[in-house]
Amino acid sequence: MHSCEAGERRVKHRRMMPGRLVRALLLVLLPVLAFLVLTFFAASPYVLERLLVSYMQEQGIQEPHLRVDSISHRGILVSEIRGRNLNLQIDRVSVRADWSSLLQGKVREITVTGLNWEVGYCRDGLDLGLPFAGNKRTGEVQVPVLPFEKLEIESSSVLLQHAGLGWRVPLSGVLTAQSPGSILADFETRLLGTVLHLQGEADLEAGTATVSADSDWPRQEGDGFPDRQVPVRAGLSLNWAGGLEDPGRGEVDFFAHLGGRQHSIAGKDFGFHKAGVQVQGAFEPGFSLERLQGDVFLENANFSRFMFSSINMLVQDEGILVLQADLEKPGKIKLDISGSHEDIFTLWSGDAVWSGQWDARLKGVVVPELAELLFPEEVQVKEVFPVDFSGRLEAEVSQEECGLNWRASLDSARAGAGPLRVQLPQQHADVRGVFLETFPRVSMRPGMTSVTLGRESRVGFASASLDHDGEVFEIPGLAAGGGDGWLSLELAQDSPPRMLLDAVLHKELDLLVSSVARVSFAAGGVQADLEISHGQPRGLVRVSLDRGVAKIADLDLELADISLDVPVSWHNPEHDRGRWSIGGIAYAGKELPGAAGTAAFMDNSLQAGGTWEFAPNAVLNLEVDLNASEQGLQGQAIAGTDWFELPSREYLEKFVPESGDIEFQGLARLNAKAYISSTGIEPYLEVELDDVDVASRDIGLEIRGLSGMLALDDLDPLQTARDQESFLHIHELQAGIISARDGLTSFRIRGNKVMLDKSSWTLQPQGRVSVYSSRWDTKAGEGLLDLYFEDVDLLEYVGRVSEGRIKGSGLFYGHVHVGLDARGISLGDGYVYSLPGTGRLGIKDQDLMDALLMYVRESLAGQEYLALLMDRLEEALRDFEYDFFTLNLVPSMDDVGARIEIRGEGVHGDPPQRVGSLVLNVSGVEETLNHALDLGITGEEAVMRALDEWLDF
């Protein structure tokens, strides 16, 4: 028995019972009783049994059966009364009689025990399940004489059936004959745990009857359910009046009110201040339903954290459905549903189609407490926001062989929510001003639910921010919509949910990364065909963005006309890549060509590639392969070129105006890699040069045959690779007074430190210079060189520096510590020795000669012999051949001095003047050197002051 459905109909079935029950019992029992009286003493149980079976057959009962257990002067006992087409069975009938009653043609008492009667109900009325129903009678009804004084029914029940559902109602009571044509009935049954009293009166001569049923429980104030002490008030009233020829008309009225209670259901608190139900109905002649109405209400109801001020539902068998619910906490939301529908009993009437239409409206505000129950745990709503929904629901249901077939749809709907603020703590995201304005259409049928959004639907937000490892991404705002049905959701039986999306941007997409970079797109859209299986997506999403611009203020870089058409797929056999392109690049106000390539996101991985011709005939190839997993982002990015010609001076000058007239000719190649893992990014960059010529007339520089390699494995701070040597090789170098060839320099970079591990040069016309273990601090702008030279003609370079005032030639070797900073060159300890052999030195400038010999002349003035020696010394210094030359650098507190010792003789003279040892002490060597190298430190006066102390005997 299906108690819920039976409960909806039990009142009306019970209301139709009394009149028909009396009539049916009379039709069945009166003929039986008549035969019993006539044959009481004349027939044996067997004979009586045959007579009764024959009578039942005459009444149309198929395969009748009964058993006469005994016949005595005190009565007759009959049992097991039944028939194949008789929905009524009796376990036992006991007839008691005495002589006085028999002489009157009736018995004193009949007792029926174990009466079980199956009564069916449909829209057209009752089906008593009797082969001799009243609609088959012909002719005038003869009112019989009641052959009993009292008819008692015990331990019996009536099974009320409707559409395959059954509800068994216990029944017991007494029929009393008042006169030959009048009877009184007094019966009891049970309803909802309380006793239901049924009383009736029938006038058989007039063919009329009235029946009433009443129950008012509890009878005394304060009564409750015995086991729970729940305050309750209930009442039932049934009234029926009719006759054998007029089935009559009936009414039912039932109510139940329950006082405030608190319970726990599935671990959730549930309670209410007051609850009630009321059912009213009326039946037309023939016990067919005329009207039925049910009303249920709850006052101040609570379930878990929900508090409703009221919930009311009104249902009529046809025409009206009203549901109202007012949520008070959390939030304040009102729900109204009302509409019309056909008779609900049509559902069980065969092939008829039941349909209905209802208008729904939901409006109110959602508070963060309520949002916690509506959104996933990882989504937090921080502010109150309004919601508003309205729409029309239509439904059709029909009964078919395989069961109920139905369809439902939601049309003319509008749903709006927001603005609201949403935070995603796990993603460190904050989305503000989220809004939803949609016009959904919902279609439902067995095994399939489909939801689509109408053309005017829009969703979006006012602004958003995302904090990723300290970098803050800002999205000022976004709004999206589309054509008719631009978003749809399909929920099919035995299939994963499917979402179809074809949205376009209704507002410019603007991204801000801190205050450094901004990216915006004027137009775009998203297309998707996704299935969600076991919480994992399957399908394809295509993101299209057009007319984009990216600006990076710190680099003075701007990317224009950016376009993206990139697929994002999960478990999708289609692996075609999408396209991306950058129309133009501006760097420091200079225009560069754009770039283009392909890209795709597949199963949480990014695969992209492209090309960029950043200079004429210089094409950079890009490849990216990244994978996102629980361990983080992993993969690599590769960029490289083939050998390409270095750009022309005009092209380089656009981006580096300081390059002046420097020209480059030769080949270069780039190779870059970045390995990405959960621990960070490991970059690698190679820059190769081959057979490069560099020339500049302004700075007097000319390089031929430059080749080399710069390999970096860290960019912040800058660091050369540990397993790849970085070096420069120069075939020929001409820089001012220096000519060199076969220069090879190996170096390392560690942040702002540049270390020359070794640098070796062959000077022209001869000699070699080497630098070892030297350092340069690019941040401080200073460095130290450990300089060695061998077989170098230093006097040749001195002559070039002095612009011909000193001439000479001689080979030297030495070691000097040289410092470099913003002030110029500084000198440390060092020595210079001439190689074994002779060299020549000549002072050709008279002013320089006078300065050197001024003190000597003053000391020798007035002495004829010494004055002659002075003249011979001066003549020797004009062209001097030395066989010993040393120079030692001596640092002091203020400057660096030099001690020079020369031995040899003049080339000219008769005889040439011999100098045993000429010692010159020179101060201000750094000042003189910086002036000579044109570093702007001193003038010619500094040179003259230094020469003042050259000569010391």
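Me: How many salt bridges does a search of the whole structure find?
Reply: The search turns up 32 salt bridges. A salt bridge here is a side-chain nitrogen of Lys or Arg within 4 Å of a carboxyl oxygen of Asp or Glu. Keep in mind that this is a predicted model, where local features need pLDDT of at least 70, side-chain atom pairs count only at pLDDT 80 or more, and totals for chains, interfaces and linings use all residues. Residues are numbered from 1 along each chain as its sequence is written, and side-chain values use heavy atoms, with hydrogens and water left out.

Me: OK, what does arginine 84 form a salt bridge with?
Reply: Its partner is glutamate 63, with the closest N and O atoms 3.4 Å apart. The two come from distant parts of the chain, 21 residues apart: arginine 84 is in the loop between strand S2 (75-83) and strand S3 (86-96), and glutamate 63 is in the loop between H2 and strand S1 (65-72). Helices (H or I, at least four residues) and strands (E, at least two) are DSSP runs, numbered from the N terminus.

Me: Are arginine 84 and glutamate 63 buried or exposed?
Reply: Both arginine 84 and glutamate 63 are exposed. The cut-offs are under 20% relative accessible area for buried and over 50% for exposed, with partly exposed in between (1.4 Å probe, protein chains only).

Me: And aspartate 565, what does that form a salt bridge with?
Reply: That one goes to arginine 542, at 3.0 Å between the closest N and O atoms. Aspartate 565 sits in strand S33 (residues 557-570) and arginine 542 in strand S32 (residues 536-552), so the pair links distant parts of the chain, 23 residues apart. Aspartate 565 has a relative accessible area of 29%, which is why it counts as partly exposed. Arginine 542 is partly exposed too, at 26%.

Me: Which residue meets lysine 753 in a salt bridge?
Reply: Aspartate 777, at 3.4 Å from N to O. Lysine 753 is in strand S46 (residues 753-763) and aspartate 777 in strand S47 (residues 768-777), 24 residues apart. Lysine 753 is partly exposed at 35% relative accessibility, whereas aspartate 777 is buried at 16%.

Me: Which residues do salt bridges that share partners join into one network?
Reply: Arg67, Asp69, Glu80 and Arg82.

Me: Switching to rings. How many aromatic pairs does the structure hold?
Reply: There are 11 aromatic pairs. In one of them, tryptophan 612 and phenylalanine 614 have ring centres 5.6 Å apart and planes at 55°, so the pair is tilted. Rings of Phe, Tyr and Trp (its six-membered ring) pair if their centres lie within 6.5 Å; planes under 30 degrees apart are stacked, over 60 edge-to-face, and the rest tilted. Tryptophan 612 is partly exposed at 22%, and phenylalanine 614 is buried at 18%.

Me: What about tyrosine 831 and tyrosine 833, what are the distance and the angle between the planes?
Reply: Their centres are 5.3 Å apart with 35° between the planes, again a tilted pair. Tyrosine 831 has 31% relative accessible area and tyrosine 833 has 30%.

Me: Which residues do ring pairs link into a cluster?
Reply: Phe270, Phe272 and Phe303.

Me: What sits over the ring of phenylalanine 884?
Reply: The charged end of arginine 903, 4.3 Å from the ring centre. To qualify, NZ of Lys or CZ of Arg must be within 6 Å of the ring centre and within 35 degrees of the ring normal.

Me: Now glutamine 527. Where is its place?
Reply: Glutamine 527 is in strand S31 (residues 517-533) and is partly exposed at 29%. Beyond its neighbours within four places in sequence, its contacts include Leu501, Leu540 and Arg542. Contact means heavy atoms within 4.5 Å.

Me: What does methionine 307 touch, not counting residues up to four places away in sequence?
Reply: Methionine 307, in strand S15 (residues 306-316), touches Asn300, Ala301, Asn302, Asp326, Leu327, Glu328 and Lys329.

Me: Last one, how many helices and strands does the secondary structure come to?
Reply: The chain has 10 helices and 55 strands. Of its 953 residues, 40% count as buried.
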